[in-house]
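The sequence and structure come first.

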2 protein chains.
Amino acid sequence: MAVEALKWVGDVDGYLELVDQRRLPGELVKLQCRGIEQLHEAIRTLAVRGAPAIGVSAAYGLVLAAQKPGGRDSLEHALKVLGECGRYLASSRPTAVNLFWALERVRRCAEEFVAAQPNSGLRDLRRAILTEAHAVYQEDVEMCRRIGENGQHFIREGSGVLTHCNAGALATAGQGTALSVMFEAKKSGRNFTVYADETRPLLQGARLTAWELKEAGIDVVLVCDSMAGWLMKQGKVNAVITGADRIAANGDTANKIGTYSLSILAKKHSVPFYVAAPSSTFDLSITSGADIPIEQRDADEVTSFAGARIAPDDIDVCNPAFDVTEARDISAIITERGVIENPDARSIAQHLAPETSSQKQPKGVTD
Amino acid sequence: MAVEALKWVGDVDGYLELVDQRRLPGELVKLQCRGIEQLHEAIRTLAVRGAPAIGVSAAYGLVLAAQKPGGRDSLEHALKVLGECGRYLASSRPTAVNLFWALERVRRCAEEFVAAQPNSGLRDLRRAILTEAHAVYQEDVEMCRRIGENGQHFIREGSGVLTHCNAGALATAGQGTALSVMFEAKKSGRNFTVYADETRPLLQGARLTAWELKEAGIDVVLVCDSMAGWLMKQGKVNAVITGADRIAANGDTANKIGTYSLSILAKKHSVPFYVAAPSSTFDLSITSGADIPIEQRDADEVTSFAGARIAPDDIDVCNPAFDVTEARDISAIITERGVIENPDARSIAQHLAPETSSQKQPKGVTD
């Protein structure tokens with residue numbers, strides 16, 4: 001049902017295929033990424049976007065990086081190249097923690113492989129890296145499905161659900177995070193209407209979310225970002241569900257600019273506000289949202305559209321890509337592990353504890 | 001300094017010249033309106049927009065309507081035509097009360113002229129109508145200046161001011177309402193930064209407000225509508241000032257969609273929220289905002305831009321042109337008569353009482 005945003009084609013000498021999201025919904029064009037410069041550009045210009053999809057793409061990026069060293073290079077040298085390429089790829093988007101997480105995971109896998117099998121060949125190392133990247137991909141697919149299952153009961157029959165930006169199949173390797181909740185609610189036989197914020201400046205809601213939901217046969221109504229509060233006031237919104245780009249240890253959540261305002265408006269109108277994101281989105285090294293770096297993007301994104309100038313020349317622009325929603329304004333965070341109601345540092349730490357203890361449903365966490 | 005959005009050119013046989021605001025900021029093109037069908041279309045498609053500018057244009061529209069009857073028609077017949085044309089022009093935008101107010105004022109003037117001078121010629125009637133339309137125009141210019149003077153002290157040195165849509169010279173015959181406050185604060189020698197919401201879907205903020213303020217030498221930063229809350233959270237906004245399209249007897253205010261959300265966000269962040277509008281914007285026949293009709297506009301405004309499709313085909317769209325801000329979330333309403341702090345039915349009634357009593361500064365009204 002859901003579109004495949006990205007997949008690896010071929011074996012260790014293969015390439016990464018990405019849906020070019022800059023061209024949706026007009027055209028469904030696929031990019032063949034065969035080098036890390038091309039991937040860096042694709043991430044930077046949002047041809048591939050969404051924290052989980054960026055993470056999986058970056059994992060495959062290190063497979064591309066490992067294609068670079070010549071056959072006679074040492075494993076040591078290959079590890080060095082991987083480290084450099086990882087740092088380079090990490091610079092493509094400064095906020096998405098999944099990017100750093102996936103790069104670090106594959107890099108460590110390579111390191112451990114070399115430590116365990118120091119006499120193996122370069123091709124063996126490349127295979128180990130590809131296997132790990134495939135694992136990141138498969139886990140993402142599974143993660144999406146579980147998030148959907150864990151959160152779908154929050155969508156009631158006949159209700160209105162508001163979402164912002166795109167946290168759908170296009171944002172992940174699987175069927176998305178926030179949208180996975182909707183796909184699973186639909187699968188459970190419930191009917192509901194999704195209000196999709198168009199999400200200026202890059203219109204991921206209009207271009208991607210509206211398209212994905214329509215393709216999936218879910219009722220969707222496109223609105224401008226400024227209309228969300230008025231919809232809530234009129235009682236048309238019963239839940240807000242968004243994705244996340246980074247979540248601090250206390251539950252403060254960085255997501256697409258505009259999410260913060262929605263959280264305030266939702267609270268004012270007693271509408272529950274849910275964040276759906278994989279547990280890899282948590283960055284426990286960051287105590288609170290105040291420490292999450294906010295990417296500032298080019299003025300052009302705001303002042304031009306489809307080649308047309310929509311503002312005076314040389315106008316000053318403020319264009320933060322993200323904002324931070326406070327944990328106290330989040331009703332629950334839905335992960336592949338379960339649901340954290342009223343998230344705070346304690347309940348999040350419990351939720352993220354090793355699976356065995358998390359499966360015991362610790363107090364404060366609904367798994 | 002401020003641009004002339006509209007003016008009458010020539011005598012009773014003249015025409016109405018409008019800046020075609022659909023083409024700003026790319027081109028400064030002037031439309032020559034020589035008939036009411038053309039004016040209806042110009043109002044409907046926002047070539048001319050902003051409640052006061054629509055009102056003044058409609059007043060001149062009745063001058064155009066009075067050009068229609070032949071020289072041998074009776075005054076009675078001319079009045080009938082004026083009534084029909086007035087109803088037709090009133091249908092161009094259902095929310096702007098100034099439109100109805102200006103049409104009614106000019107129609108009544110024509111009626112009174114015919115009652116007082118039943119034996120005069122058609123050309124005399126036309127002259128009386130033009131004189132009244134000119135009076136509406138001149139009062140608008142004066143009204144704008146006074147609103148600016150009455151509100152300018154709300155903008156403090158070094159502060160940040162957020163505005164939404166365009167309540168500037170382009171929205172009036174004079175120098176605007178919300179923007180007049182800024183022009184007068186600037187004239188008083190104060191420096192400040194205006195954050196201009198781009199104002200989707202039609203981008204009046206990006207195209208018109210940013211352009212007007214930049215032309216006037218005022219620091220302006222263009223932002224997407226979804227960024228306003230985050231700017232407030234970061235302490236960058238010390239006041240919100242918007243215009244109004246209709247104000248109910250209790251102070252509930254209809255203005256461009258998104259204004260309601262701003263009022264909630266402003267209250268949350270303890271930022272004062274001001275409405276700047278002429279007293280003709282009050283509609284005392286409407287008890288509260290719940291009774292203000294909200295214009296729904298074409299889906300195309302949301303799904304297309306500059307000829308480019310930005311959403312899937314046949315997507316459902318919700319596109320209300322306005323929302324209603326509650327009086328309790330408005331710190332003050334600034335009119336040409338003075339300032340109504342904490343507006344409610346009583347203070348508004350006092351403010352709108354005949355000039356003589358209003359000049360005595362009744363309790364609750366700061367003139």
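## Aromatic pairs

In this predicted model, W8(A), Y60(A) and Y137(A) are linked into a cluster by ring pairs. Rings of Phe, Tyr and Trp (its six-membered ring) pair if their centres lie within 6.5 Å; planes under 30 degrees apart are stacked, over 60 edge-to-face, and the rest tilted. Over all chains the count is nine aromatic pairs.

F154(A) and Y274(A) are stacked, at 4.1 Å centre to centre with 25° between the planes. F154(A) is in the loop between α5 and β4 of chain A and Y274(A) in strand β10, so the pair ties together parts 120 residues apart in sequence. Y274(A) is buried at 8% relative accessible area (buried means under 20%, with a 1.4 Å probe and protein chains only).

## Charge over a ring

R34(A) lies over the face of Y15(A), 4.1 Å from the ring centre. The criterion is NZ of Lys or CZ of Arg within 6 Å of the ring centre and within 35 degrees of the ring normal.

## Chain relation

Chain A can be laid on chain B by a turn of 180° and a shift of 0.0 Å along the axis, with an RMSD of 0.0 Å; the superposition is by least squares on C-alpha atoms of residues with pLDDT of at least 70 in both. The two copies are thus related as by a two-fold rotation axis.

## Basis

Residues are numbered from 1 along each chain as its sequence is written, and chains are lettered from A in the order written. Local features need pLDDT of at least 70 and side-chain atom pairs 80 or more, while totals for chains, interfaces and linings use all residues; side-chain values use heavy atoms, without hydrogens and water.

Technical notes:
Helix = DSSP H or I, 4+ residues; strand = E, 2+ residues; numbered from the N terminus. Buried < 20%, exposed > 50% of the residue type's maximum accessible area, 1.4 Å probe, protein only.
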